[in-house]
Amino acid sequence: MPSRATRRTQAIARQIMTNSATHEQPLVLFESRLSVRTFKLNRPTKLNSLNESMIDLLQSKIEFWRNSELCSVIWGTGEGRAFCAGGDVQIVARDASNPATRDRAIGFFNKEFGLDYLLSTLDKPYIAIMDGTTMGGGVGLSAPASFRIATENTVFAMPETKIGYCPDVGANHYLTRLDGELGTYLALTGDSLSGRAVFEHGLATHFIPSRRVPILLESISALETPTFDQVNDIIEEHRSEPEQPGTFASPLVGPVRSALDFAFRHDKVEGIVQDLDTLSDHKDPSISQWASETMKTLNLRSPTSLKVALRAIRRGKTQSVMQALEMEYRIAAALCNGASPDFQTGVNFALVEKIKTGRPNWSPATLEDVTDEIVDRFFDTDSPYLKSMPEFKYPFAPGESRDYTEYALPTETAIRDMVTGEHPNGGDTGITLDELVSSFESITDSKMGVREKVQEVAARRCGLIDNADGNLVWLKWNHNPRLPK
């Protein structure tokens with residue numbers, strides 16, 4: 001009997017032959033440019049949403065590139081106005097609704113998550129060009145990249161709670177590595193970030209204009225065996241400075257950001273909603289407007305998805321990429337096995353009937369009716385919705401995942417540690433704002449956006465010690481005068 005690898009290769013060959021026979025364009029385009037290997041998702045009419053054939057093609061090629069001495073850099077992009085808008089969930093939901101095809105639906109998630117994990121373990125530079133829509137499965141392809149390039153066209157989101165599903169593709173690991181409660185907010189609301197804001201919040205490592213992407217590829221292709229730092233330096237050479245230096249493009253800064261971290265700190269969705277309700281009457285109009293809009297957004301989402309997503313994001317904070325993917329696989333399997341009807345309801349509402357307004361007929365319809373017993377269905381290994389699920393199998397030997405934050409802007413935690421004297425490149429406590437900015441500009445070799453990031457965090461999270469030196473002190477939440485009142 002042929003080996004698994006042989007069978008996969010034969011299946012991919014049949015897919016390519018089928019495309020050729022029907023004069024269709026290949027679903028994924030592959031190219032070699034000296035030491036650079038590129039893939040381009042080529043399903044533009046579907047915003048490059050992933051189907052099983054695309055995952056198989058990518059899996060086989062990236063496994064080969066991973067072990068090839070001739071490949072020094074992997075470059076991923078998408079055709080048209082999207083990098084990748086997600087997985088083809090209509091097909092998955094259809095398969096999940098039929099007991100005869102349910103294992104195929106679960107198998108889709110196994111393959112997709114296996115590919116995401118493979119990308120996270122690459123020991124050579126991987127560059128994801130997030131030029132256009134980057135959502136769901138597209139996040140799974142881009143988040144593991146050592147270099148994630150945002151452009152003015154980038155729209156980032158994990159919108160799964162809109163369709164009765166939950167963030168996956170490792171998001172419960174990656175989103176928890178963002179500052180404060182930003183990841184919790186994005187996971188539950190499904191709201192999007194656009195353009196430079198994707199870079200400012202660490203979801204992208206760099207921001208360059210889309211017109212420079214081809215030039216960047218040429219520059220990197222000219223290197224024989226580039227190191228990670230050399231690739232970083234070349235990308236920085238193509239960076240785009242903000243139109244107004246010293247400002248943030250994201251709206252999630254200042255008082256609104258303090259309100260976000262305050263409201264989304266809870267481990268119960270009801271606590272988040274209660275704080276948002278209180279903040280909707282805040283005297284600061286920017287806070288009250290944000291809180292009111294966020295409450296309306298959460299009310300449109302599946303109550304079951306909100307509670308499952310919040311539990312997953314809290315667990316993801318201490319999980320590796322592999323552990324997060326395995327947890328997400330169980331959640332996906334439980335949904336396919338009928339742990340909640342909301343996945344079918346949401347996909348039909350948003351993607352089949354394409355209803356643009358209103359609220360799907362979620363069941364249960366309210367947060368109060370989503371009991372702990374319902375949420376346990378997705379996590380408890382003894383759950384009847386998980387007992388018969390196919391075993392999660394990696395298509396290759398697991399390895400170590402790279403640091404998600406290495407080439408991004410400094411995190412809020414790193415800035416805090418510099419203020420408190422706990423940063424490995426810092427000194428004792430007692431540092432001015434100018435010294436704080438200079439320290440991170442030195443560490444990052446004056447990376448674009450560092451000054452703005454450090455100044456924003458310091459303005460929001462620091463006060464001044466009562467002396468003439470102007471030294472900063474990191475404020476705890478209950479002592480922070482910028483907290484909502």
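**Residue classes and model basis.** Ala, Val, Leu, Ile, Met, Phe, Trp, Tyr, Cys and Pro count here as nonpolar, Asp, Glu, Lys and Arg as charged, and the others, Gly among them, as polar. The model is predicted, with local features requiring pLDDT of at least 70 and side-chain atom pairs counted only at pLDDT 80 or more, while totals for chains, interfaces and linings use all residues. Residues are numbered from 1 along each chain as its sequence is written, and side-chain values use heavy atoms, with hydrogens and water left out.

View 1. A cavity is a set of points, on a 1 Å grid over the protein atoms alone, where a 1.4 Å probe fits but cannot get out, and its lining residues have an atom within 4 Å of a point. The second largest cavity has a volume of about 60 Å³, a volume being the space filled by probe spheres set on grid points that are joined across faces, edges and corners. Its lining divides into five nonpolar, two polar and three charged residues, and includes P242, F248, M448 and E452. Helix α8 (residues 196–200) gives the most to this lining, with three residues; helices are DSSP runs of H or I with at least four residues, strands are runs of E with at least two, and both are numbered from the N terminus.

**View 2. The largest cavity.** The count of cavities of 30 Å³ or more comes to five, and the largest has a volume of about 100 Å³. Of the 13 residues that line the largest cavity, L178, H201, G202, L409 and T411 lie nearest its centre. By class, this lining has four nonpolar, four polar and five charged residues.

**View 3. The largest pocket.** A pocket is an open set of grid points with protein on both sides within 12 Å along at least five of seven lines. The largest pocket has a volume of about 1100 Å³, and among its 41 lining residues V89, P159, I163, A350 and L351 are the closest to its centre. At least two lining residues come from each of α3 (89–96), α4 (102–120), β6 (133–135) and α16 (342–352). The lining of the largest pocket comprises 18 nonpolar, twelve polar and eleven charged residues.

**View 4. Two cysteines without a disulfide.** With a disulfide defined as a pair of cysteine sulfur atoms within 2.5 Å, the count comes to zero. The sulfur of C336 is 12 Å from the closest cysteine sulfur, in C166, and is therefore too far for a bond.
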